[in-house]
Amino acid sequence: MSSQQCLRRLAASSPLRSQSLLRASSKAIRLSASPATRSYSAVSRATSSGLLSQVSRRPGQSSQRLALFSQSRSYADVTTVKVPQMAESITEGTLKQWSKQVGDYVEQDEEIATIETDKIDVSVNAPEAGTIKEFLVNEEDTVEVGQDLVKIEVGGAPSSGAKQEAKEEPKEPAPKEQETSSQPQGQQEQPKEEKKPEPKKEESKPAPPPQKPSKPKEQKPNEPESKSSPAPGSRSENRVKMNRMRLRIAERLKQSQNTAASLTTFNEVDMSSIMEFRKLYKDEILKKTGVKLGFMSAFARACILAMKEVPAVNASIEGPNGGDTIVYRDFVDISVAVATEKGLVTPVVRNAESLDMVGIEKSIAELGRKARDNKLTIEDMAGGTFTISNGGVFGSLMGTPIINLPQTAVLGLHAIKDKPVAINGKMEIRPMMYLALTYDHRLLDGREAVTFLVKIKEFIEDPRKMLLG
């Protein structure tokens, strides 16, 4: 809209007062056509500012008429970021936190928010570089795949002046300024007068005084002493909502207890030979491959060899109504239980039967690193035919692990303790570990479960037998 059209509209709304202003502004615009005078833009700004100052003095002037003189700006393209696809089995999650704030500039592919799902945390990245304009959901809200999350104004980084203005805006008490600018002076004093009736409420409370003269309550010294004496110790409570991963873990564990006929068998293994084996070769393996040789790879390899004799340990029950079909597999995907800050996760070592001890140890170390850095993906944890849980790293002496359905068994490793044991009729001190195998009695009988655990014991106590398997 040109300045002439704006002036005509203002003159039409207030013809008596704006006639002289309209003539003056038209004359000024004509004079600006000569090169000796000021430019048209300067005169129009001066005229507009003069009109604005005149109009602002009128108490009844509408704010919409003032908006006619504001400079028009070109709006940049605004893109809406949606909840990304996470996995086939995951359709929703919880918006855990925003990594940025409204007004922040983000680069392309920079992380904006984190969505917590049943299994992993999913990062939401900016599809294009721009400035965050509006958040469409709040933290701790449940979001679904494809739902709108945030609006981004596409464009380059804002100038330093614009950033300073954006930072200064929240410091100013905007609500108070809007009330004083849009209301006349007479209306500004009304709220103050309305707040004055508050003392009347205080005056209307003379009812308690007649009760105060009753001094028997004040004369009892025992009552205030008993009430003022604090209880020993702290009795505060802190309620924290369970995250989605913790809720999912609880649901899965309870489902396992309700579905599987779980039973645990124990055995004790002498760790002397495997510890000596590790002591002899760990430095050489670390130098050649960069992998630290541990005990998990030895137990994983022993389980794989024992499954050849008891294949039902690597099977599962599938089908409706609790399952009616046994599925036997010729591959072994070992789930390794890893404790994280958010809960227990079980990343999977794929085709462990085709790996040697160094290969298994390398895969376990990589999965453990990704779990601690919250970089595990759905593919890293999907599937799994057998689970090994090592509670011994936390000092557990003995425990009964819970089956990770639809698997059939889980092996629990515990702490290594020096104990006196009888060796060839003599008492010796040996490093001993308790092994616990929890199995689904619907598929495995006691004979098969005990046989499997004894085979693991034999392989660990004499690692040379693993070369013959």
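Which residues is Glu116 in contact with, leaving aside its neighbours within four places in sequence? Some notes on that and the rest follow.

1. Ground rules. This is a predicted model, where local features need pLDDT of at least 70 and side-chain atom pairs count only at pLDDT 80 or more, while totals for chains, interfaces and linings use all residues. Residues are numbered from 1 along each chain as its sequence is written, and side-chain values use heavy atoms, with hydrogens and water left out.

2. Confidence. pLDDT is the predictor's confidence in each residue, from 0 to 100. The protein chain has a mean of 77, with 67% of its residues at 70 or more. Watch residues 31–75, where pLDDT stays under 50 and the model has 35 contacts beyond four places in sequence (contact means heavy atoms within 4.5 Å). Residues 166–205 also stay under 50, with four such contacts.

3. Glu116. Back to the opening question: the list is Gly93, Thr94, Lys96, Asp121, Asn243, Arg244 and Lys342. Glu116 lies in strand E4 (residues 111–116); helices (H or I, at least four residues) and strands (E, at least two) are DSSP runs, numbered from the N terminus. Glu116 counts as buried at 2% relative accessibility (buried is under 20% relative accessible area, exposed over 50%, partly exposed in between, with a 1.4 Å probe and protein chains only). Its side chain reaches the backbone nitrogen of Arg244 at 3.1 Å.

4. Aromatic pairs. Rings of Phe, Tyr and Trp (its six-membered ring) pair if their centres lie within 6.5 Å; planes under 30 degrees apart are stacked, over 60 edge-to-face, the rest tilted. The count comes to three. One of them is the stacked pair Trp98 and Phe135, at 4.0 Å centre to centre and 10° between the planes. That pair links strand E2 (residues 92–98) to strand E6 (residues 130–135), with the partners 37 residues apart. Trp98 is buried, at 11%.

5. Another pair. Phe386 and Phe452 are edge-to-face, 5.8 Å centre to centre with 70° between the planes. Phe386 sits in strand E16 (residues 386–390) and Phe452 in helix H17 (residues 446–461), 66 residues apart. Phe386 and Phe452 are both buried.

6. A sheet. Four strands form an open sheet in the order E1-E8-E6-E3, with antiparallel pairing (two strands pair if DSSP finds at least two bridges between them). At the edges, strand E1 (78–82) and strand E3 (105–106) each pair on one side only. E3 and E6 are joined by two bridges, and Tyr105 has Thr131 in E6 as its bridge partner.

How values were computed:
A polar contact is a pair of N or O atoms within 3.5 Å; within protein, one must be able to donate a hydrogen and the other to accept it, and residues adjacent in sequence count only if both atoms are side-chain atoms.
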